[in-house]
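This report is meant for a reader meeting the structure for the first time.

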Amino acid sequence: MKIIATNALPKSADDQKTLQIGNDAELADLVASGALEGVQRVELQFPKFTDGRAYTQALLLRRRYRFAGDIRATGDVLIDQLVHMHRSGFTSAVLAPGVDAAAAERQFARFAAFYQGDVLEPRPLFAREAA
Amino acid sequence: MYQYTDFDKQFVKLRAQQFRDQLERWQRGELTDEQLLPLRLQNGWYIQRYAPMARIAVPYGEISSTQLRTLAHIAREYDKPAPELLAHAQATQDALQDAQPGATLAAPPLRYGYGHFTTRTNVQFNWIPLNRAADVMDLLASVSMHGIQTSGNDIRNITCDALEGIAEDSIVDTRPYAEITRQWSSLHPEFTYLPRKFKIAFNGAEEDRAATGWYDIGLQARRADDGSVGFAVKVGGGMGRTPIIGSVVREFLPWDQLLNYIEAVVRTYNSYGRRDNKWKARIKILVKSEGQNFIDAVEKEYHDIVHLDGAPHTITQAELDRVSSHFVVPELKAAHLPSKVSPQGQLYQRWLQQNVRGHRLPGLKTVTLSFKRPGFATGDADADTLDALAQLAEQFSAAEARLTHEQNLMLPWVHESDLPALYEAARALGLAQPNIGLLTDMIICPGGDYCSLANARSLHIGAAVTERYQDLDELFDLGPIDLHMSGCINSCGHHHSGHIGILGVDKDGKEWYQITLGGADGSALSGPAIGGKVVCPSFTAAEVPDVIEALLATFRALRKPGELFIDALRRIGHDPFKQAANGARRPKADQEALAEQD
């Protein structure tokens with residue numbers, strides 16, 4: 001997962017075709033309208049870090065709508081939620097102002113595996129162990 | 001009971017390590033209080049009136065002697081306020097007491113060194129300093145315990161009927177299904193920041209003893225004609241400010257679809273549940289406001305999980321078998337300890353009647369130890385008692401015990417021949433009051449003595465009622481009555497489901513109490529779950545025991561021979577009870593005169 005400090009964000013937009021999706025948007029409608037066609041990056045928003053709607057959006061974009069581009073977390077993005085984001089399908093995150101990117105890295109090393117399946121490993125632990 | 005695998009053990013250790021890292025970053029100022037808040041809640045750490053509270057999960061209430069000893073150690077060594085903190089806390093509580101209107105009830109002093117059994121089979125400690133929190137989590141992890149998701153806006157500790165697998169009316173032992181669901185819900189990446197908390201309960205018997213109607217998701221086990229297992233699924237029950245009984249959304253969900261279906265429910269809730277108003281954020285509000293639209297959305301999501309996503313969380317027979325293999329009958333042998341108990345003695349007979357229940361296996365009984373006793377808050381066990389419980393469980397119940405949602409502790413594997421010796425041992429510990437199911441077997445939250453959410457104290461009212469109803473002849477004459485009390489509308493004391501409910505409310509900084517009548521938790525005693533109705537304007541603390549006495553006197557005057565309180569209340573209606581309650585109100589002048597005498 002690409003973790004970007006706010007002050008490291010390029011001042012001008014890069015050349016990625018980006019679609020910003022509000023966390024109350026109906027994904028099914030967006031997809032049906034063709035809004036995702038040609039999009040290279042989707043930005044999902046965390047207005048507050050405690051608002052968890054974008055986790056579901058990211059997961060559905062990956063698992064159900066097969067979106068293969070970058071999914072970026074923006075807004076109130078803190079360190080202790082990054083692993084959840086990664087597992088839900090986010091591939092980049094812009095940290096909220098003042099958050100230290102160095103402490104973020106070691107969060108990814110802690111758990112080698114989890115019980116439930118996610119975007120990175122759709123099978124739950126019991127199905128992995130049986131395989 | 002479930003035995004942790006190497007993976008499970010490592011998982012709780014890593015979780016404790018992660019929590020230590022988070023606390024350290026907070027102490028260094030790298031995390032703000034606001035940023036730490038959900039992280040500590042997700043590990044069971046609240047900040048209360050005076051100190052942090054740790055809430056430890058005891059899934060399905062099942063606890064081993066080893067775990068009880070660890071809780072005893074934590075109670076003894078960690079649940080200790082600094083002297084100046086305790087002095088400050090007691091002085092603040094004393095000032096609160098002095099500020100109450102008119103005459104009031106004597107308030108027991110604040111205590112420490114206790115574990116508190118809750119209605120959701122957690123154990124709470126009230127005085128552990130936050131700088132020792134990480135050490136406590138390490139200790140707990142060493143005996144396969146944790147506080148994962150015992151708080152926060154996530155899927156909480158899962159509960160079951162305390163008699164799962166041993167009840168005479170058992171349909172299915174739901175503990176393996178609950179354990180599979182617990183593992184699936186632990187550190188779920190998508191569902192850790194829900195609009196609000198989310199509680200799941202299982203019930204595997206004919207009688208609903210798990211209050212499933214009152215849960216966000218209530219799962220009632222069923223067997224189809226061909227013997228296959230499934231669940232009736234209720235969604236959207238809950239207490240709080242808006243008490244609602246869950247709606248049945250599925251009559252029979254095949255067992256292997258459990259996780260897929262719960263995922264559909266929680267995903268729908270995560271996407272559409274309100275986040276603008278804490279009081280309207282529970283799933284019950286969404287279910288109530290959207291009705292069939294909600295059910296349609298869940299069914300659509302479930303369909304997509306199965307047909308588009310490939311249903312990756314379909315439970316396999318192998319996994320069910322693996323987890324089920326933990327929930328087997330342990331090796332049992334009778335203790336054959338000598339006893340001086342006279343089997344015909346009235347006290348012993350009463351204990352047999354109230355505290356001992358039948359068992360699925362011949363020759364065995366379940367025994368409930370009563371944590372409703374004078375001098376102690378409901379569900380409180382000090383370090384010595386926790387140690388003694390560990391020993392009792394070892395001697396009489398294969399080193400296993402179960403917390404019950406009524407805040408007692410049950411021994412699930414007692415030989416019938418051991419009952420007299422167990423009675424004697426329980427009595428020596430003060431845990432043999434034959435009051436299970438009777439008036440004094442109250443459910444009570446810690447209230448305004450500890451909890452920062454509480455509007456009013458509850459423990460002093462519990463103490464007064466306990467003291468007033470010590471006469472067993474009277475208690476037995478009154479028969480089974482559910483008396484539930486909460487110190488605020490969050491309803492941790494389940495007042496909505498009490499035949500008599502007491503709710504603490506705040507008026508201008510003073511404590512008042514509303515009385516409700518006619519609630520039901522869903523068990524056989526009082527039929528389908530329903531919320532009680534408020535009877536009249538609220539009372540002072542000092543009036544509450546009198547109001548209860550007046551309600552009970554009305555019951556005794558109007559009942560038919562053998563009629564239970566709840567049945568009489570329903571037959572007669574609330575009016576005579578309301579009048580009696582109002583009659584117990586003290587005129588203002590009397591209250592002032594009484595206050596003078598204090």
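In this predicted model, Leu517(B) has Lys533(B) in β20(B) as its bridge partner. The pairing to which these residues belong joins strand β19 (residues 510–517) of chain B to β20(B) in the antiparallel sense, over two bridges. Both strands are part of an open sheet of five strands, whose order is β16-β17-β18-β19-β20 in chain B and whose pairing is mixed. Because β16 (443–444) and β20 (533–534) of chain B stand at the edges with a single partner strand each, one side of each is left without a neighbour in the sheet. Strands of a sheet pair through backbone hydrogen bonds, and they do so either parallel or antiparallel.

Chain B holds another open sheet, again described by its strand order: five strands run β3-β14-β15-β12-β11, and here the pairing is antiparallel. At the edges of this sheet stand β3 (62–64) and β11 (356–357) of chain B, each with a single partner strand, so one side of each has no neighbour in the sheet. Within the sheet, strand β14 (residues 400–403) of chain B and strand β15 (residues 409–415) of chain B run antiparallel and are joined by two bridges, and Leu403(B) stands opposite Leu409(B) in β15(B).

| Helix of chain B | Strands of chain B it lies across | Angle |
|---|---|---|
| α3 (residues 65–77) | β3 and β14 | about 80° to β3(B) |
| α13 (residues 419–428) | β11, β12 (364–369) and β15 | about 10° to β12(B) |

On the scale of the whole chain, chain B is divided into domain 1 (6–141), domain 2 (166–324), domain 3 (346–428) and domain 4 (443–597). The C-alpha centres of domain 3 and domain 4 of chain B lie 27 Å apart, and the contact between them brings seven residues of domain 3 of chain B together with nine residues of domain 4 of chain B. On the side of domain 3 of chain B that touches domain 4 of chain B, two residues are nonpolar, two are polar and three are charged.

Chain A has five helices and five strands, and from the N terminus on its elements follow the order β-β-α-β-α-β-α-β-α-α. Its radius of gyration is 15 Å, which is close to the 14 Å that the globule rule gives for 131 residues, so chain A is as compact as a globular protein of that length. The C-alpha trace of chain A spans about 50 × 40 × 25 Å along its principal axes, while buried residues account for 37% of the 131 residues in the chain. Of the contacts in chain A between residues at least 6 apart in sequence, 61% join residues that are at least 24 apart.

Finally, there is the contact between the two chains, to which chain A contributes 29 residues and chain B contributes 31 residues. On the side of chain A that touches chain B, α2 (53–63), α3 (82–88) and α5 (125–130) of chain A each supply at least two residues, and α2(A) gives the most, with five residues. Sorted by class, the residues of chain A on that side comprise 12 nonpolar, seven polar and 10 charged.

Note on methods:
Residues are numbered from 1 along each chain as its sequence is written. Chains are lettered from A and ligands numbered from 1 in the order in which they are written. This is a predicted model: local features need pLDDT of at least 70, side-chain atom pairs count only at pLDDT 80 or more; totals for chains, interfaces and linings use all residues. Helices (H or I, at least four residues) and strands (E, at least two) are DSSP runs, numbered from the N terminus. Ala, Val, Leu, Ile, Met, Phe, Trp, Tyr, Cys and Pro count as nonpolar, Asp, Glu, Lys and Arg as charged, and the others, Gly among them, as polar. The radius of gyration is taken over C-alpha atoms; the globule rule is 2.2 Å times the number of residues to the power 0.38. A residue is buried if 20 or more other C-beta atoms lie within 10 Å of its own, exposed if 12 or fewer, and partly exposed in between; C-beta atoms are placed from the backbone. Domain bounds come from an automatic or database domain assignment. Two strands pair if DSSP finds at least two bridges between them. Axes are lines fitted to C-alpha atoms, for helices over the stretch in contact, and angles run from 0 to 180 degrees between N-to-C directions.
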